[in-house]
Amino acid sequence: MCMGVAAAVLLMGLLAGCSGSKTAPSGGTNAAASGETIKVGVLFSVSGSLAVTEKGMANAALLAIEEINASGGINGKMIQPIQEDLASEPSVAATKAKKLLQQDKVVAIVGGYTSASRQAMLPIVEQYNGVLVYPTFYEGEEYSKNIIYTGATPNQQLQEFVPWLIENVGPKVYFIGSDYVYPVETNKQVKEMLKLHGGEVVGEEYVPLGHSEFASVVNKIKAADPDFIFSTLVGDSVAAFYKQYKSYGLSPEDMPIASPVTAESEIVSMGADVAAGHYVSAAYFQTADTPENKKFVEAYQAKYGADEPITQVIEATYFSTHLLAEALKKVDDVHDADQVIKAFAGLEYNAPQGKVKIDEENNHAWLHSRIGKIGPDGQVEIVRETTEPIYPEPWSKLLFPDHEEPWKK
């Protein structure tokens with residue numbers, strides 16, 4: 001995360017009237033001085049309980065913009081990133097999104113981590129006919145013509161993961177999650193998959209965002225004696241839970257934690273000795289074996305530090321920003337949101353995880369699926385992965401078999 005900004009760039013941001021925002025270097029200062037830049041909003045939390053995850057997402061967007069500008073920008077025009085901090089507060093996300101669209105006149109916003117932040121921004125981008133590129137896995141059950149969803153839908157993360165866990169770990173599951181829409185709705189789909197594959201729910205608990213005291217939860221888990229714990233905790237709660245799980249004598253050999261949320265940044269936060277032996281599911285891990293990933297990891301760590309972890313949401317933010325650039329190159333007027341949104345349909349990109357594509361109809365991305373086991377070095381050993389990307393299913397056919405697809409209305 002670029003927490004310090006050069007004085008000249010700060011001055012440029014102030015002259016442009018971007019009070020409270022950070023105008024990151026665009027790679028084209030002459031173009032910026034002449035007004036020939038294309039402004040893109042970068043909106044993530046760099047403060048608050050979710051910064052542990054979202055700082056890296058902001059980093060990835062800025063790296064991608066730097067690469068795009070180094071390759072000639074958007075048909076010769078440089079991208080000027082306008083960065084804002086939503087401070088882990090959904091209400092701030094809405095306020096900042098409105099500022100970016102109305103005051104800064106960005107052509108699109110790349111941003112948002114929690115579903116609460118996305119849902120806070122959704123009416124703003126629809127009201128002002130803006131474009132939001134949302135790079136986070138989420139619970140589905142949503143479609144907006146103004147949002148490009150580049151994170152995984154539940155079917156992309158769960159349809160391989162849940163049956164694999166039942167077969168390889170055991171059928172009894174205890175749910176622990178943060179108390180907001182993503183964990184609750186995701187677990188509804190997990191429960192349906194458990195029914196199909198012979199699984200059983202033996203407990204379920206949700207805690208407030210930022211919650212850090214898990215003694216009572218751990219005692220409930222011990223009493224329920226599940227085969228594995230399914231965690232949809234986010235932010236600082238992740239490391240706190242895993243650490244207390246270990247300190248109270250639980251072991252991944254007997255009762256592993258399985259999660260579609262826990263990622264490399266949380267592994268660093270809790271320590272490899274705490275994380276080792278647990279299971280994770282994602283479209284991307286830093287250990288993905290592709291030429292594009294090798295190049296991406298080298299570029300990211302060269303810019304932000306050799307020890308900086310790279311997660312699925314960081315990778316999604318990176319390729320999403322590149323996809324946005326490709327969409328912008330296809331349109332006559334980058335300020336025409338309808339043109340930009342239409343240009344995304346069918347777009348493909350060789351992302352670090354493998355080839356991805358924006359579905360021609362539903363604004364969601366076709367993504368890969370990987371299951372990993374965390375090793376003693378903190379790296380994820382991939383134990384299963386798909387060879388082709390999976391179709392995004394915003395409304396689960398398990399939960400909503402007769403749902404009318406809104407993009408077809």
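Me: Domain bounds come from an automatic or database domain assignment, so into which domains is the chain divided?
Reply: This is a predicted model in which local features need pLDDT of at least 70 and side-chain atom pairs 80 or more, while totals for chains, interfaces and linings use all residues. Residues are numbered from 1 along each chain as its sequence is written, and side-chain values use heavy atoms, without hydrogens and water. Each domain is built from two stretches of sequence: the chain divides into domain 1 (37-151 + 292-366) and domain 2 (156-283 + 370-408).

Me: How far apart do the C-alpha centres of domain 1 and domain 2 lie?
Reply: The domains touch one another: 29 residues of domain 1 are in contact (heavy atoms within 4.5 Å) with 34 residues of domain 2. Between their C-alpha centres the distance is 26 Å.

Me: How much space lies in the largest pocket?
Reply: On a 1 Å grid over the protein atoms alone, a pocket is an open set of points with protein on both sides within 12 Å along at least five of seven lines, a cavity is a set where a 1.4 Å probe fits but cannot get out, and lining residues have an atom within 4 Å of a point. Points are joined across faces, edges and corners, and a volume is the space filled by probe spheres set on them. For the largest pocket, that space is about 200 Å³.

Me: Which helix supplies the largest share of the lining of the largest pocket?
Reply: The lining has 15 residues, with Val52, Gly56, Ser265, Glu308 and Pro309 nearest the centre. At least three residues come from each of domain 1 and domain 2. Helices (DSSP runs of H or I, at least four residues; strands are E runs of at least two) are numbered from the N terminus. At least two lining residues come from each of α11 (264-270), α13 (291-304) and α3 (51-70), and the largest share, six residues, belongs to α3.

Me: How many charged residues are in the lining of the largest pocket?
Reply: Here Asp, Glu, Lys and Arg count as charged, Ala, Val, Leu, Ile, Met, Phe, Trp, Tyr, Cys and Pro as nonpolar, and the others, Gly among them, as polar. The lining divides into eight nonpolar residues, five polar and, as for charged ones, two.

Me: What is the volume of the largest cavity?
Reply: The whole structure holds two cavities of 30 Å³ or more. Around the largest cavity are 13 lining residues, and Gly151, Ala152, Ala283, Gln312 and Ala316 lie nearest its centre. They divide into seven nonpolar, five polar and one charged. The volume of the largest cavity is about 60 Å³.

Me: How much space is in the second largest cavity?
Reply: Its lining includes Tyr113, Tyr134, Tyr138, Tyr180 and Tyr182, along with Phe137. By class, six lining residues are nonpolar, three are polar and none is charged. The space in this second largest cavity is about 50 Å³.

Me: Is Asn146 buried or exposed?
Reply: Asn146 sits in the loop between β5 (132-134) and β6 (147-149). Residues touching Asn146 include Val125, Leu132 and Ile341. Buried means under 20% relative accessible area, exposed over 50% and partly exposed in between (1.4 Å probe, protein chains only). Because its relative accessibility is 3%, Asn146 counts as buried.

Me: What is the phi of Asn129 near?
Reply: Asn129 belongs to the loop between α5 (115-127) and β5, and is partly exposed at 30% relative accessibility. Most residues other than glycine have a negative phi. Asn129 has a positive phi, near 50 degrees.

Methods
Domains from an automatic or database assignment. Lists of a residue's contacts leave out its neighbours within four places in sequence.
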